[in-house]
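Thank you all for making time this morning. I would like to walk you through one model, beginning with a single chain, moving on to its contact with a partner, and ending with two local details.

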Amino acid sequence: MEKVWEVLRSYPCEQRHSLAMMQDLQHHFNYIPREGMEAMAEYLGCPLSSLYAMATFYKALSLKPKGKHIIKLCDGTACHIRGSSNLITGIRRTLGIGPDETTPDGLFSLELVNCVGSCALAPVMVVDGTYYGKVTMEKLPEILDSYREGAAR
Amino acid sequence: MKTILVCCGTGCLANGSRAVADEFERLIGERGMDARVECYVKRTGCNGFCENGPIVKIEPADIMYYKVKPSDVAEILEKTVAGDEPVERLLYKNDRGERVLHQKDNPFYAPQHKNALRNIGAIDPTRVEDYIAAGGYEALKRALTMTPDEIIEELKKSGLRGRGGAGFPTWRKWRTAADVDVYPKYVACNGDEGDPGAFMDRSVLEGDPHTVLEGLAICALAIGAEEGFLYIRDEYGLAVKNINTAIADAERHGILGDHLLGTDRKLKLSVVRGGGAFVCGEETALIASIEGRCGEPRPRPPFPAVKGLFGQPTVLNNVETLANVPIILAKGGEQFARVGTEGSKGTKVFALVGKVKRTGLVEVPMGATLRHLIYDIGGGIQGDRPFKAVQTGGPSGGCIPAHMLDLPIDFDTLAQYGAMMGSGGMIVMDDRSCMVEVARYYVKFLSEESCGKCTPCREGLRAMLEILTGICEGRGQEGDIELLEQIGATLKESSLCSLGKTAPNPVLTTIKYFREEYEAHIRQRRCPAGVCTALTVFTIDPEACRGCTLCSRACPTGAITGAVKKAHVIDASKCIACGSCREACRFGAVETRGRDGV
């Protein structure tokens, strides 16, 4: 809770900063906790429902806790044409999760994103902010394994 | 003095350019610098030729190295920096197999005409001094001596039209906002590049942030605004960082802030990070998002130039548009208008991607043909396969077939054929791209991104997606094509904003130019491109197979068996029809047919 208030107080008390506040909460907690939104409603003096509307509207925000490592698989057009849908199948086979799901051990979450702007390297996968270009079915398990506990990176 | 430029754009970083830059710095430091040669490493923005990254350029000799690894650094320092000898193996090989020494001779760069991308790859985006040395902020200096009318007149002469998609004349937006006598006014930059397959805005924001700030400042002078916002996708971390650095530096140097270049004019700029919603590229939705609400569009008029942010007059321009503004002010509108076509002046940046040999960002004069872009600059189709279509303008655009390759690209021509310029995504497809599946892909994207406010867009897209998915999965029926056309027409006419109005374009253009492909899916239960898994069976032609084992190694399910130098076989019960074997095969031995054997 302390962290929540720290984030909120770093912005002036104006509605227009609500998206930025939620993004910061998302970055910190990997999701937006209910208490965070309640505190925001109190701080901004706005209805909780309007914040809930935003949290469900914007793709960058999530109400469910995410895994430790976030896999962003690009399914933008260029990646799609170069076989990103196969990688979705590949991740399902390797980790047993589909888009917007988290592994039971809480290690990985998969998000499908529409273009990370690195089309020349398609298909692209971003894990915790690290970009992997020209990912193939062969390379996929290798990349994912490097994020497991104790793996040398 | 020689300068070593290491590209550290997102693409090159993914290829490991940070390690290359570090190695240069380490070795230069370790060797205590050669007495004759002083080198330093600049972290430049994106070159657009990301596929061949990390890219290293040695100035002033204009030598460009590709796919540089940290282990190559010592050799480059010895040969090219201390001496004048190129490292042959790191040079680019052109279509004739010759090594190309200079960037200007590379077939990817040679035909380009750079306006918006002029500084990218040449200056360090984190150093305002670099931008100033390249002639930066001269245009702003000039604008400060002009009246708003004179600035807008210069824009009018240039014929600049918005590069974000619709192609609305930029001067007219500025004129409208300048004429409204309501204060405060705002300027805003649309950096919410949501088009999947386009990344020119990211590149400009990352690689030349000051040019965007300068464009915004000139706009602010023209309309009388003192505050501005840059709305940038949160996914573009480096872009947000570089813009924030640029704003802070420009304020510290007295360029922006309370006294624009020492005058009594002021401009306060700040960054708003986008929340990841495609619809926020629409101006009224973007404004709602900056105000801290859901990014839903509203009906226009009133246009934002009259009533925009916080209800005040607001001019909203795209990143690439703003990057062109300083050139117009510095060199004059007439000079700018010398390049381009009758109705579309200047240049346009395209993201040339997909199944093309050389991918990346290319900036060419308006009116260049698709053939020029795809074959001369792009080097043709990967693996020399047949060209099938090019998709322009992202989800709002359309697919243009092979017989229209000589079409000149400008705002009006593309619109005439059902496609659109959009933000400049140019996705090249070969005979292994299924046009029905591409249409389904876009409709799925749009149905997820539709904000849901107006019914035609929300329900129409959902219905279209259902029909298209059915066709791709073998449940297509007679009458589906006509129904798609009908729903598409309704969307075009009755949607609230451009997202819905243009959403049927990918479907309608693929039906128009590739109707037979739809019919093959529906009538013969066959996907001619071999993409739709429910309709495709993969087999290996035993005559053509040389038994090289590449396919069996590429197969993710272990469905392919066979001994070395013997024909391989696919076990249909294990095959998931992913096509990895077909991509891997060098002899064209992997074949596809429909489930019914057609």
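This is a predicted model: local features need pLDDT of at least 70, side-chain atom pairs count only at pLDDT 80 or more; totals for chains, interfaces and linings use all residues.

In chain A, among the contacts with a separation of 6 or more, 57% are between residues 24 or more positions apart, where two residues are in contact if their C-beta atoms, placed from the backbone, lie within 7 Å. Residues are numbered from 1 along each chain as its sequence is written, and chains are lettered from A, with ligands numbered from 1, in the order in which they are written.

Staying with chain A, you will find seven helices and four strands, which are DSSP runs numbered from the N terminus, helices being H or I of at least four residues and strands E of at least two. Their order along the sequence is α-α-α-α-β-α-α-β-β-β-α. The domain assignment, which is automatic or from a database, gives domain 1 (2–57) and domain 2 (69–145), and the centres of these two domains of chain A, taken over C-alpha atoms, are separated by 29 Å. Of the 153 residues of chain A, 41% count as buried, meaning that 20 or more other C-beta atoms, placed from the backbone, lie within 10 Å of the residue's own.

Let me turn to the contact between the chains, to which chain A gives 38 residues and chain B gives 45 residues. On the side of chain A, the elements giving two or more residues are α2 (18–29), α4 (48–57), α5 (77–81), α6 (84–95) and β4 (130–132).

Now to chain B, where B:G121 sits in the loop between β6 (99–100) and α4 (128–133). Why does B:G121 count as buried? The reason is that B:G121 has 25 C-beta neighbours inside 10 Å. Leaving aside residues up to four places away in sequence, B:G121 touches, among others, B:L5, B:C7 and B:G207, and its C-alpha atom is 5.9 Å from that of B:C46, 75 residues away along the chain.

Finally, please look at strands β13 (residues 387–392) and β14 (residues 398–401) of chain B, which run antiparallel and are joined by four bridges, two strands being paired if DSSP finds at least two bridges between them. B:Q391 has B:C399 in β14(B) as its bridge partner. The two strands form a hairpin with five residues between them, and B:G393 in the turn has a positive phi of about 80°.

How values were computed. A residue is buried if 20 or more other C-beta atoms lie within 10 Å of its own, exposed if 12 or fewer, and partly exposed in between; C-beta atoms are placed from the backbone.
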